[in-house]
Amino acid sequence: MGGFLGRCFASAALLSLELLSPAPAAAEELVSFRASAGAGPIAIQGYLTRPPGRGPFPAVVLLHSCLGLPSNRRSIGRELANWGYVALFVDDFATRGLRETCAVDFPEGLADAAGALAYMAKQPFVDGTRIAAIGYSQGGDTALQIAAGDLGFKAAIAFYPPCEGRLGVRFTIPTLILVGAADSVTPARYCEELAHGQPEARLLVYPGAGHVFDDPQFAGGRKVLGMWLQYDADAAAKSQAALHDFLATELAQRK
């Protein structure tokens, strides 16, 4: 009897753990949508990851750096989906035949973000009133434009953006800026100046962290196109925790 009861208790405990553990996110899906850029509308592709279930879920549109999609794109998408968000990583480059845009401005990013927002808002599993934009470096610059505009995003998050070019703009939606104190590519001091006195802005500066501090492919540091890029595990973990809390607050279901 003791053995039987023991097996019952073990089975019940295992079932409880399974019920408490979140179901895994769905596999990443390649999608396409229309964006108006340059001479006319073009097809843009993206990588979509969604939580299990019917939704509708809050969502995020992710905008990559001038180097293209990050090495940890899939893990970012899975983590966001496990938090309960539909994640769409926009690929600005593939259909344009681009490899990088680090030496030039990229105004098309805003139109691509708007197209991604429109696409997401039409999906039955997305709550179109709760979509945030997350941008990295050059994509972070687009996120700052979104924060100061009226595209329909609920919130904006900018990882190590070039704040110098946006000094003087006023944010109209809640905006989180995350930058490294040792960033020589997009210096933190400009983000401090930009965020100062803005009620919609929250700025987090990570001591000792450089540019692209959250991409593991730059562990140990590496110079790319004249930019020093270095992964910082501590800053990466803290920025993910800050992102989690910010999204939970700003994309919460309003009663």
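A salt bridge here is a side-chain nitrogen of Lys or Arg within 4 Å of a carboxyl oxygen of Asp or Glu. With that in hand, welcome to this predicted model, which holds 6 such salt bridges. The protein has 6 helices and 10 strands, and buried residues make up 47% of its 255 residues.

**The overall picture**

- Among contacts between residues at least 6 apart in sequence, 67% join residues at least 24 apart.
- The accessible surface comes to about 12,300 Å², and carbon and sulfur atoms account for 55% of that.

- Side chains of opposite charge can pair when their charged atoms come close.
- Asp-112 forms a salt bridge with Arg-96, and their closest N and O atoms are 2.7 Å apart. Asp-112 sits in helix H3 (residues 108–121), while Arg-96 is in the loop between strand E4 (86–91) and H3, so the pair ties together parts 16 residues apart in sequence.
- Asp-112 is buried, with a relative accessible area of 0%, whereas Arg-96 is partly exposed at 22%.
- Glu-28 pairs with Arg-73 in another salt bridge, the closest N and O atoms being 2.7 Å apart. This pair links distant parts of the chain, 45 residues apart: Glu-28 is in the loop between helix H1 (2–20) and strand E1 (29–37), and Arg-73 is in helix H2 (residues 73–83).
- Glu-28 counts as partly exposed at 29% relative accessibility, but Arg-73 is buried at 10%.
- Arg-74 joins Glu-28 and Arg-73 in a network of salt bridges.
- Arg-130 forms a salt bridge with Asp-127, with 2.8 Å between the closest N and O atoms. Arg-130 is buried at 8% relative accessibility, and Asp-127 is buried at 13%.

**Helix H5 and its two sides**

- The buried residues of helix H5 (residues 188–195) are Ala-188, Tyr-190, Cys-191, Leu-194 and Ala-195. They cover an arc of only 155° around the axis, which puts them on the same side of H5.
- The buried residues of H5 pack against helix H4 (138–147), strand E7 (175–180) and strand E8 (201–206).
- Just after H5, Gly-197 takes a positive phi of about 80°.

Key: Residues numbered from 1 in each chain as written. Predicted model: local features only at pLDDT ≥ 70, side-chain atom pairs only at ≥ 80, totals over all residues. Heavy atoms only, no water. Buried < 20%, exposed > 50% of the residue type's maximum accessible area, 1.4 Å probe, protein only. Helix = DSSP H or I, 4+ residues; strand = E, 2+ residues; numbered from the N terminus. Arc of directions from axis to C-beta. Contact = heavy atoms within 4.5 Å. Areas by Shrake-Rupley, 256 points an atom, 1.4 Å probe, with all protein chains shown as cover.
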